Amino acid sequence: MTFESILVLAILVGAVALFVSEKYPIDFVALLVLGTLLLFGLITPQEGISGFSNPATITVGAMFVLSAGLQKSGATAAVGRLMVRFGRSYFTALVTIMASITVISAFVNNTAAVAVFIPLVMIVANRRKIAASKLLLPLSYASQFGGGCTLIGTSTNLLVSSISDQAGYGAFSMIEFSRLGLILFVAGVLFFLLFGRWLLPERKAQELAVIYQLGEYITEMRVAENSPLVGKSVLESRLGEDHDVTVLRLLHVTKAVWAPLRQAVSGGDVLLVRGKLRELMRLRDSARLQLNAEFKLRDETLQTEDLRLVQALVAPGSNLVGQTLKELDFRSRYEALVLAIQRRGEPIQEKLNSVRFRLGDALLIQAHEDQIRKLREDENLIVLDEVPGVPLRHKAPVVLGILVGVVGLAAFDVLPILVTSIIGCLAMVLTRCLRLDEAYEAINWQVIFLLAGILPLGIAMQKTGAAGLIAERAVGMVGDMGPVAVLAVVYLMTSVMTDTMSNNAAAVLLAPIAISTAQQIGVDPKPFLMAITFAASTGFSTPVGYQTNTMIYNPGGYRYTDFLRTGVPLSIIFWILSVIFIPRIWSF
């Protein structure tokens, strides 16, 4: 074992630990790995930047643009509306939802598709008197089924295909995944039809004030005649800065004023305030306020004919990710007030203005109807109470034609997918289905930098022999049992890593090991690489295993154990089916 291979293994372990910990963004971790490899001379500068010019990286970026064009045209939402119409019972709704999202996700980025479908599924659940928790988790899983059916279904497929091509074993074709993908889709639908009624939780709809536990933080306080607040506005009183409380409503004898920043306070006024109990008690004592002991918070307390409560999710690729309410100046930017934030089903207790948003965070927003309409049009948020609008409907046939051309030319080997996807992006802009700035904004740069930064680690693992060392250990444990046993271990390793870290990172780290393993036992590496693509594209067992799981966590009212109870048996079924059928479709 050389010093270079030991160093690469140390970097590999460090990268895995950082990915699992989620302490830093995944793209930053990938660039940190890249910088370390370059610093120690484990790869050349040319190899270091090769990830940015890798066909998979460029194709993934192009697919984000094509997905955005399809979404903006309203074609995806149109399919969703048909889903709302046909889902008349629980079983028909379940099958319709899963079939629709699977077909769309085979050709469109699945996180974008799920973002459109979440509000639609909520409407189906409400109209059919079905708990949303019975439908949203199958939606997320089925989007992953679709991703495994084509080369462009997920970025993982493109990534592993590129690694295979660079290693001299050829790229994957457009529909090479379809046979196994369809088998797993049928198995997934049957699983939910047979066992979903018992495995999926049934969480009844509750008032938003209860879901976000606002009753612990919002109360009424009456202003005494001798209070130091009398004669001052809320802004002048510095209640937010000095006491970390927010005044939501000021109730005069004759009228109620919402968000009363500049309204002067009078003796006898009743303030509806939000804050932690300790801060509220401090405010009561210092400002001479009286708590209303009989106050009970309900949704209608926070709403009027025009002022409403809505839930919104932080969308995939949102510009809000990593920023705080204060940095965004959210209240002025959207003319709306965030009352609470949930992350993975738990309300965030710290000061809201200092919370850095993550994908899938749920915001409870109080706003006027006009502002809510603007929120629905903002691509950074997914508002859950309405069907998204369908702008540029007349462009839908053009967008669909472009997508069919991109897929068809690649499927029949007329042109490589890299070429067709770039031409497709140009066609989107030239036909004015997307503006140029919209095309740039559609690209999830976090994914692009993740791929570009982590791909050189695979090069270093091959170059220094680190991949061969790991493969040698793996073969030593199960190699005598034959290639099928090795295949089972490769799939299982990928599945476990995908449930704890980025699926793309898991695929990049394991693909070189799979190739070295195949070389050591003298078989074709393609079955192993296929095992990695399918295992990395189906993260069922945790809410962080796949982005779509994170997105449906809060709207479905799920708990971590719901994913374990449903995802673990489904993952085992997919593991068994993959080990059976992969060697039959792609022989050793």
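Buried means under 20% relative accessible area, exposed means over 50%, and partly exposed lies in between, with a 1.4 Å probe and protein chains only. The legends below describe a predicted model, in which local features need pLDDT of at least 70, side-chain atom pairs count only at pLDDT 80 or more, and totals for chains, interfaces and linings use all residues. Residues are numbered from 1 along each chain as its sequence is written, and side-chain values use heavy atoms, with hydrogens and water left out.

R432 is exposed, with a relative accessible area of 69%. R432 belongs to the loop between α20 (417-430) and α21 (436-442); helices (H or I, at least four residues) and strands (E, at least two) are DSSP runs, numbered from the N terminus. Although R432 is not a glycine, its phi is positive, about 65°. R288 is also not a glycine, and has a positive phi of about 55°. R288 sits in the loop between α15 (277-287) and β5 (289-291). With 42% relative accessibility, R288 counts as partly exposed.

**View B. The open sheet that contains β4.**
The 5 strands of this open sheet follow the order β3-β2-β4-β1-β5, with antiparallel pairing; two strands pair if DSSP finds at least two bridges between them. β3 and β5 are at the edges and have a single partner strand each, so one side of each is left without a neighbour in the sheet. From one strand to the next, the twist averages 30°. Angles run from 0 to 180 degrees between N-to-C directions, and axes are lines fitted to C-alpha atoms, for helices over the stretch in contact. Helix α15 lies across β1, β4 and β5, and runs at about 135° to β5; contact means heavy atoms within 4.5 Å.

**View C. Strand β4 and its two partners.**
Strand β4 (residues 270-274) is mostly covered, with 5 of its 5 residues buried. V270, L272 and R274 point one way from β4, while L271 and V273 point the other way. Strand β1 (residues 218-223) runs antiparallel to β4 and is joined to it by 5 bridges. In this pairing, M221 stands opposite L271 of β4. Strand β2 (residues 246-251) is likewise antiparallel to β4, with 5 bridges between them. The bridge partner of T246 in β4 is R274, and that of L250 is L271.

H252 is found in the loop between β2 and β3 (256-258). The relative accessible area of H252 is 16%, and this residue is buried. Leaving aside residues up to four places away in sequence, H252 touches Q263, A264, S266 and D269. F185 is 67 residues from H252 along the chain, and the C-alpha atoms of the two are separated by 60 Å.

**View E. The open sheet that contains β6 and β9.**
This open sheet of 5 strands has the order β8-β7-β9-β6-β10, and its pairing is antiparallel. Its edge strands, β8 (346-347) and β10 (381-383), each pair on one side only. Strands β6 (residues 307-314) and β9 (residues 362-368) run antiparallel and are joined by 7 bridges. L307 stands opposite H368 in β9. Helix α18 (residues 369-377) lies across β6, β9 and β10, at about 140° to β9.

**View F. The packing of α2 against α22.**
Helix α2 (residues 26-39) packs on helix α22 (residues 445-464) at an angle of about 35°, and their axes are 8 Å apart. The crossing of α2 and α22 is left-handed; a crossing is left-handed if the near helix is turned anticlockwise from the far one by less than a right angle, and right-handed if clockwise. Residues of α2 in the contact include I26, D27 and L37, and those of α22 include Q446, F449 and G453. The contact residues divide into 12 nonpolar, 2 polar and 1 charged. Ala, Val, Leu, Ile, Met, Phe, Trp, Tyr, Cys and Pro count as nonpolar, Asp, Glu, Lys and Arg as charged, and the others, Gly among them, as polar.

**View G. The packing of α5 against α10.**
Helix α5 (residues 55-73) and helix α10 (residues 155-166) pack with their axes 8 Å apart, at an angle of about 160°. The two helices are therefore roughly antiparallel to each other; angles under 35 degrees count as roughly parallel, over 145 as roughly antiparallel, 65 to 115 as roughly perpendicular and the rest as oblique. α5 passes α10 in a right-handed crossing. P55, A56, T59, V60 and M63 of α5 make the contact with S155, L158, L159 and S162 of α10. Of these contact residues, 6 are nonpolar, 3 are polar and none is charged.
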